[in-house]
Amino acid sequence: MQLLHRRGIAALGLFLLAGPALAQMPGGPPPAVGVAPVAQRAITETNEFIGRVEATDRVELMARVTAFLEKREFNEGAEVKQGDLLFRLERGPFEAQLQIARAGVAEAEAQLQNANVTLNRAQALLNTVAGQRSTVDTALAAQRGAQAQLLSAQAQERQAQINLDYTEIRAPISGRIGRAVVTPGNVVTPSSGPLAVIVSQDPMYVSFSVPMRTVLQLRDRYASRGGLDAVSVKLRLQDGRMYGQTGKLDFVDVSVGQDTDSLAMRGRMPNPPLAGSPGGGRELTANQFVSVVLEAVEPVQLLTVPRAAVSTDQRGDFVYVIGQGNKAERRAVRLGSQSTPSLAVVTEGLKEGEQVVVEGLQRVRPNTEVNPAPVQPAGQGQGQGQGQGQGQPRQPGGAAAPRQGG
């Protein structure tokens with residue numbers, strides 16, 4: 001009994017495996033296939049490269065005077081605005097120097113005032129019997145010396161005021177500030193190195209390199225549309241998501257890298273705060289790796305077929321074209337770099353209006369008759385019919401044929 005059961009299962013398996021072959025046995029009906037036309041469709045051309053996000057401005061905060069660091073006035077990692085107070089240094093010694101400088105200015109002003117009185121008196125006596133020319137010359141020299149002393153004292157006062165102002169280190173730009181390198185209580189000097197670093201947040205740069213061969217192709221492709229100005233910059237983040245902002249190219253290097261034969265380019269990207277993010281976080285961070293997508297501003301009309309129609313073997317890419325008598329003809333094709341996951345751009349091998357097999361490819365043999373029926377592109381009912389996707393072939397009677405995994 002068990003032997004008969006096993007034989008029955010084996011026979012059923014052989015019948016199922018022979019099903020597709022039986023559909024093409026001599027004398028049987030031609031296999032049903034789904035076909036779609038070769039058509040001109042609007043394609044947005046894209047090229048993708050590896051890039052790195054950079055801040056447009058980066059400032060290292062340095063001490064300009066030697067003093068004790070009294071207080072840190074910011075939260076590490078927070079965003080600061082231009083002019084915000086970040087570090088406070090010891091002010092006492094510099095306030096004393098400013099007072100000394102101001103006293104020097106007052107003394108110089110008094111000396112100048114006395115020199116002016118002496119000069120006026122000598123000039124008044126010059127036309128009398130008691131007047132002498134040498135006395136006037138001496139008084140004039142003393143007056144000019146007093147003027148110079150006043151200018152020097154005023155300069156020292158300004159220098160003392162500048163040094164006092166240096167005891168408050170403020171943000172020169174708006175951006176995000178990093179970790180404080182020096183803690184309060186330490187002495188800082190101009191040679192101590194950066195106390196902290198601020199990087200700007202909006203906009204951001206994205207730098208990437210493009211092989212020179214690709215640069216020439218891009219220039220030729222967009223020559224009639226303004227060259228590289230006709231390209232927008234988009235980013236694909238490391239988790240695969242597309243960044244929601246669009247940027248523009250703003251720099252192309254003047255020379256090609258000798259070791260890489262690539263040309264450095266840079267895009268400028270908006271980086272607004274994330275909605276609902278605590279602390280106003282942003283999507284892009286300096287030195288972050290991203291994929292840079294150069295996308296044409298306007299789509300172009302290109303000859304396309306559904307991606308499912310294209311097969312590949314050792315001889316290259318090919319499709320099956322419906323010829324006379326509904327015979328499937330194998331046709332070698334060349335695909336363009338503008339192809340998308342749902343559409344294949346064909347540069348050689350096909351003409352507009354020809355019908356290619358999209359579904360049921362496993363049942364097709366070269367130069368054999370098939371029973372073609374149009375494929376309903378997915379989304380066409382919603383006004384999106386551009387060959388992106390495939391539906392079910394229709395039998396002549398109008399009923400949907402069952403899918404066969406083509």
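Hi everyone, let's begin with a pair of residues: Glu79 stands opposite Arg176 in strand 9. A word on the source: this is a predicted model, where local features need pLDDT of at least 70, side-chain atom pairs count only at pLDDT 80 or more, and totals for chains, interfaces and linings use all residues. Residues are numbered from 1 along each chain as its sequence is written, and side-chain values use heavy atoms, leaving out hydrogens and water.

Helices (H or I, at least four residues) and strands (E, at least two) are DSSP runs, numbered from the N terminus. Two strands pair if DSSP finds at least two bridges between them. Strand 6 pairs with strand 9 (residues 175-177) over two bridges, in the antiparallel sense. Both belong to an open sheet of four strands, ordered 4-11-9-6, with antiparallel pairing. Its edges are strand 4 (58-61) and strand 6 (79-80), each pairing on one side only.

Now to strand 7. Four of the five residues in strand 7 (residues 85-89) are buried, meaning under 20% relative accessible area with a 1.4 Å probe, protein chains only. Strand 7 runs antiparallel to strand 5, joined by three bridges, and Lys71 stands opposite Arg88. Three bridges also link strand 7 to strand 8 (residues 168-170), again antiparallel, with Phe87 opposite Ile169.

Finally, helix 3. Its buried residues include Phe94, Leu98, Ala101 and Val105. Why that spacing? An α-helix has 3.6 residues a turn, so residues three or four places apart point the same way. Strand 5 (67-72) and helix 4 (133-165) are among what covers the buried residues of helix 3. Thanks, everyone!

Note on methods
Buried < 20%, exposed > 50% of the residue type's maximum accessible area, 1.4 Å probe, protein only. Contact = heavy atoms within 4.5 Å.
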